[in-house]
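Student: Could we go through this structure together, one question at a time?
Tutor: Gladly, let us have a look.

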Amino acid sequence: KTDDSWCYNDDEKNCDKYGRLYSFEAAQTVCPAGWRLPTKSDFQTIYGAVGFGSSLRSRDGWTVKGSRGTNYMGFNAMPAGGRESGDYFDVTYSSYMWGSDKSVLWLRYYDEKISIEEKDAKNAFSVRCIEE
């Protein structure tokens with residue numbers, strides 16, 4: 001828990017299930033010693049290694065309207081959604097994870113695509129740290 005981090009819909013139960021959503025600035029500070037946020041290049045390596053979004057998605061928590069996650073790679077990405085301008089969106093539908101350079105790894109329920117995009121630093125998304 002840090003300044004500029006939130007539970008989805010400001011409900012602590014959502015933090016228990018999905019983790020916290022961090023502003024880009026807060027995301028820069030939450031990885032423990034010896035760990036860091038991934039770079040866009042790291043995200044591209046993940047994409048090249050797996051190719052399918054479902055292999056990174058958790059088996060549980062995603063909407064039943066789309067394909068289920070297989071968690072084949074053990075990544076266990078939860079559909080935590082995001083926060084923009086105080087509004088929450090996409091819980092159970094998407095997983096967004098900050099990179100160190102404002103890049104975001106985006107997984108969604110409705111297809112196998114893995115996207116790597118740049119997002120506004122005011123948004124709040126999940127964080128997945130990697131070992132240095």
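Tutor: Let us begin with a bond: Cys31 and Cys129 form a disulfide, their sulfur atoms 2.1 Å apart. A disulfide here is a pair of cysteine sulfur atoms within 2.5 Å. The model is a predicted one, in which local features need pLDDT of at least 70 and side-chain atom pairs count only at pLDDT 80 or more, while totals for chains, interfaces and linings use all residues. Residues are numbered from 1 along each chain as its sequence is written, and side-chain values use heavy atoms, with hydrogens and water left out.

Student: How many residues apart in sequence are the parts that Cys31 and Cys129 tie together?
Tutor: Helices (H or I, at least four residues) and strands (E, at least two) are DSSP runs, numbered from the N terminus. Cys31 sits in the loop between α2 (24–27) and β3 (35–36), and Cys129 in the loop between β9 and β10 (130–131). The pair therefore ties together parts whose distance in sequence is 98 residues.

Student: Is Cys31 buried or exposed?
Tutor: Buried means under 20% relative accessible area, exposed over 50%, and partly exposed in between, with a 1.4 Å probe and protein chains only. The relative accessible area of Cys31 is 18%, so Cys31 is buried.

Student: What is the handedness of the disulfide of Cys31 and Cys129?
Tutor: We look at the torsion about the S-S bond, which is about -90° for this pair. That value makes the disulfide of Cys31 and Cys129 left-handed.

Student: Which pattern do the disulfides of the protein chain follow?
Tutor: The structure holds 2 disulfides. Besides the bond of Cys31 and Cys129, there is one that joins Cys7 to Cys15, with an S to S distance of 1.9 Å. Both Cys7 and Cys15 are buried, and their S-S torsion is about -105°, so this disulfide is left-handed. With bonded cysteines counted along the chain, the pattern is 1-2, 3-4.

Student: What separates the C-alpha atoms of Gly82 and Cys7?
Tutor: Gly82 belongs to strand β4 and is buried, because its relative accessibility is 0%. Gly82 and Cys7 are 75 residues apart along the chain, and their C-alpha atoms are separated by 9.6 Å.

Student: Which residue in β9 stands opposite Met97?
Tutor: Two strands pair if DSSP finds at least two bridges between them. Strand β2 (residues 21–23) pairs with β9 in the antiparallel sense over 2 bridges, and there Ser23 stands opposite Ala124. β6 and β9 run parallel, joined by 2 bridges. In β9, the residue opposite Met97 is Ser126.

Student: Which residues are the closest to the centre of the largest pocket?
Tutor: On a 1 Å grid over the protein atoms alone, a cavity is a set of points where a 1.4 Å probe fits but cannot get out, a pocket is an open set with protein on both sides within 12 Å along at least five of seven lines, and lining residues have an atom within 4 Å of a point. The largest pocket has a volume of about 170 Å³, where a volume is the space filled by probe spheres set on the points, and grid points are joined across faces, edges and corners. β6 (94–98) and β9 (124–127) each supply at least two residues of its lining. Of the 13 lining residues, the closest to the centre are Tyr18, Gly19, Ser126, Val127 and Arg128.

Student: Which residues line the largest cavity?
Tutor: The count comes to 1 cavity of 30 Å³ or more, and the space in the largest cavity is about 40 Å³. The residues that line the largest cavity are Pro38, Phe43, Ile46, Phe75, Met97, Arg128 and Ile130.

Student: How are the rings of Tyr109 and Tyr110 arranged?
Tutor: Rings of Phe, Tyr and Trp (its six-membered ring) pair if their centres lie within 6.5 Å; planes under 30 degrees apart count as stacked, over 60 as edge-to-face and the rest as tilted. The whole structure has 9 aromatic pairs. For Tyr109 and Tyr110, the ring centres are 5.2 Å apart and the planes stand at 85°, so the pair is edge-to-face.
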